[in-house]
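Here are my notes for your first look through this model. Keep the viewer open and click along as you read.

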Amino acid sequence: MRVDELDISDRVAQALMDVGFVNLHPPQAEAIPIALSGRNLVAAIPTASGKSLIGYVPALKTIVEQGRRVLYIVPLKALASEKRDDFDRFRSLGIRTHLSTGDLDSEDRGLEDADIVVATSEKADSMIRHGSRWIDSVGLVIADEIHMIHDPGRGPTLEVALTKLMRRNRDLRIIALSATISNSGDLAEWLHADLVRSDWRPIPLKEGVFMDGTITFSDRSVREVPPASDPIWSLVDQAVADGGQALVFVNSRRSTEALAVRFSKPMGAIAGRELSKAELDVLEGDSESTATGRKLSSCVANGMAFHNAGLTYRQRRYVEDGFRAGTIKCIVATPTLAAGINLPARRVIVRDTSRFETNSGNSPIPVMEVKQMCGRAGRPGYDPYGESVLIAKNQRDFDHLMEDYVEHDTERLTSKLFNDKVLRSHILGLVATGDADSEESIVDFLRETFFGTVSQLFGIESVVRNVVDFLEREGMVERRGETVAILPFGKRVSDLYIDPMSASILRDAVLAIRDDTPVMPVLIAAAMTPDVLGMYPKKCDEARLDAVDSEYGGMLLVDPDDIEDYIYDFYRSDLKSAVLTYDWIEEVNEDVMTDSMGIGPGDIRSKVDMMDWIIYSMNEIALIFNPDAVRRVRPLLTRIRYGVREELMDLVSFRGVGRNRARILFDRGIRTRSDVMMMDVDALASMPKIGPILAKSMKDQVGGTPLPETPSMSPSEEEAMLDEMAAAYGEMPSDAPADVPVPGSVDVAPAPVTAEPVPKKSSKKGKVEEAGRRQTNLFDF
């Protein structure tokens, strides 16, 4: 079936064909007509089988022919950028696409004129909480990678957001795109949708197990692999020699780096090249060279790379683009790379099918996750086939991998909503937005979630009662007979999109802040909230953490002993998060930080991002309960966002100036905006890392040629300006693989404070290293 045979206008059909969509794959030919007919749809088909087009065609029809708007929900920011770029290819239709993944405490500029918004589930839910009028005009919601609903971190938010949207607009159409799962029928039942399930792939996938120099595939065919000193390298080498590329999945960051370094020498003989200075700048660090960055650049120069959460956004983007361009022949990655990012390879090698979990030790990786990795094998248009290979150590291991992974169905998709921590946040959100106004209506809402569809909800009434009791004790809601009403504090917490327990801890902290409170106790209080996941304290951290605890242990704004179930080990991990943030705002070199704490540069960014948001939330809560505390908290917002001491705060207020450029200016006597105003533009341009474009921009910002007044700059605007500067000074590689961008409410009356806070009860049992929501942030460049 061809695209122009579908029930769409000639304009839409031509636009699709202009970008290469002409003939439909069998699953597309079955699913798209259902979606175009106005019925809800769940499409459960393999990775790389064309799921995206099943969403794109109805989206274009909805916008162009029906004049309605489209919300496209994705689980990851990286995937959001990819989808935004895809929709931008249809600009000829006059479609305006907006990417919304950042600040959760605002509606987001750019929404008003957007025809389609690509958003993470957290941002979609935040838009609902803030009463976004744009949401009310949506006619179609597309939930991509909906199988991620099983993820304990992201799943409940997606589940609640979709339920809210369906309850608010019973005529709303839903298209859910999923990998192949065993109980896709449950998803279809929940969404009142038709189900299209298929195992068809455009590129044949052969799944097998490697042992003793031979790959045995599920159809019992075999392939010999030339021997090598390392069995993993033998598989990589064969794939590259055949004209393909390889992805190797391992279970830890350390293994990604070790394996990539080990394979760099032999790969260098095949695909080695010299990197430009601009490429080295991107790979070795956004603003400061780090050991991890130098290791990465050495690997890339030899055609190898590693990919994990310890890398910065720019480093990860460069590796992904380099792999797509073919300059990188093999990536060694953790499983997160398989979660929705379009990065196929000829051969996928899964070395590990178990990993260490904080609460359960060494645990098997779910079949669904392994299948997601394996599904990356085979590049449409490039590879005649794809191979996924698991590694067996012996015959017993071979039998286990073949039976329990290669030939096994994925696990049943389950809801992760039935959890006290998750429910207290979402129940507060339901009351704050008016989606529920009593315990009974909260239960009614939960019955319409995926959780309510697949379970009997035994005991849910008592769970809801306990959560409402907690929210009432904390002054966030109030019982009025049978109804539950939101209070100003609760409304603000809901808008801030933080755990109510975090808000409780922050309230206690701001009530204890005085004008002479040091910075470190403020950071420790922020790090103790459930939203800031702790960093595992290593042996190398002990002396520093002991010293900090000794100095500030008696000044804590919130006593850990007052927090129920708060384990001392968690205090040490939270202390490490506070120490990392303190070093960041004291301008400690990133290489020193990564080396002394045993972390990657990406860890610094992810932790700083979350601390930035929690300190912002602390400032907002201080405005309600102790406005005097704002004097101590507010300066930390700028310091954390840019990683600077107080003396640089005026300079980093310039768009385009981060911690490195600000320090260069300050050390040369330019210390305030007034100094910039008085300085000749040519003299300013001659400063290291400034140049004429940025110099003119800075002069405009202080009154040369006035710029339009805006409260802040969106990430896309920031990236555009930085790319312009980079192009002018050769800071971006002319031969780099694709673009490597720089990462760049409802008002309520304050609630009176009449009493000291009630001691808080909390559970931090779920705090683990390196996870949690990320916020938009501007880093140096």
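1. Let's start with a loop. Proline 380 sits in the loop between helix 14 (367-374) and strand 17 (386-391). Helices (H or I, at least four residues) and strands (E, at least two) are DSSP runs, numbered from the N terminus. Before going on, note that this is a predicted model, where local features need pLDDT of at least 70 and side-chain atom pairs count only at pLDDT 80 or more, while totals for chains, interfaces and linings use all residues. Residues are numbered from 1 along each chain as its sequence is written, and side-chain values use heavy atoms, with hydrogens and water left out.

2. (Buried means under 20% relative accessible area, exposed over 50%, and partly exposed in between, with a 1.4 Å probe and protein chains only.) Leaving aside neighbours within four places in sequence, proline 380 is in contact (heavy atoms within 4.5 Å) with Ala48, Pro202 and Ile203. Proline 204 is 176 residues away from proline 380 in sequence, yet 9.8 Å away in space, C-alpha to C-alpha.

3. Now try another loop residue, valine 702, between helix 31 (691-701) and helix 32 (715-729). With a relative accessible area of 14%, valine 702 is buried. Apart from neighbours within four places in sequence, valine 702 is in contact with Phe654, Arg673, Val676 and Met677. Phenylalanine 654 and valine 702 are 48 residues apart in sequence and 8.9 Å apart in space, C-alpha to C-alpha.

4. Next, have a look at helix 5. Nine of its nine residues are buried, so helix 5 is mostly covered. Aspartate 125 belongs to helix 5 (residues 121-129), and its relative accessible area is 0%. What does the side chain of aspartate 125 join in a polar contact? The partner is the side chain of tyrosine 497, at 2.7 Å. (A polar contact is a pair of N or O atoms within 3.5 Å; within protein, one must be able to donate a hydrogen and the other to accept it, and residues adjacent in sequence count only if both atoms are side-chain atoms.) Not counting residues up to four places away in sequence, aspartate 125 touches Thr157, Ala161, Lys164, His426 and Tyr497. Glycine 131 follows helix 5 and has a positive phi, near 70°.

5. Helix 12 (residues 291-301) is worth a click too. Its buried residues include Thr292, Leu296 and Val300. Among the elements covering the buried residues are helix 10 (253-271) and helix 26 (601-625). Just after helix 12, glycine 303 has a positive phi of about 85°.

6. Finally, a helix pair. The axes of helix 16 (residues 420-433) and helix 19 (residues 460-473) come within 10 Å and cross at roughly 65°. That makes the two helices roughly perpendicular. (Axes are lines fitted to C-alpha atoms, for helices over the stretch in contact, and angles run from 0 to 180 degrees between N-to-C directions; 65 to 115 degrees counts as roughly perpendicular.) Among the residues that meet are Leu423 and Ile427 in helix 16, and Val464 and Phe470 in helix 19. By class, this contact has nine nonpolar, no polar and two charged residues. (Ala, Val, Leu, Ile, Met, Phe, Trp, Tyr, Cys and Pro count as nonpolar, Asp, Glu, Lys and Arg as charged, and the others, Gly among them, as polar.)

Technical notes:
Angles under 35 degrees count as roughly parallel, over 145 as roughly antiparallel, 65 to 115 as roughly perpendicular and the rest as oblique.
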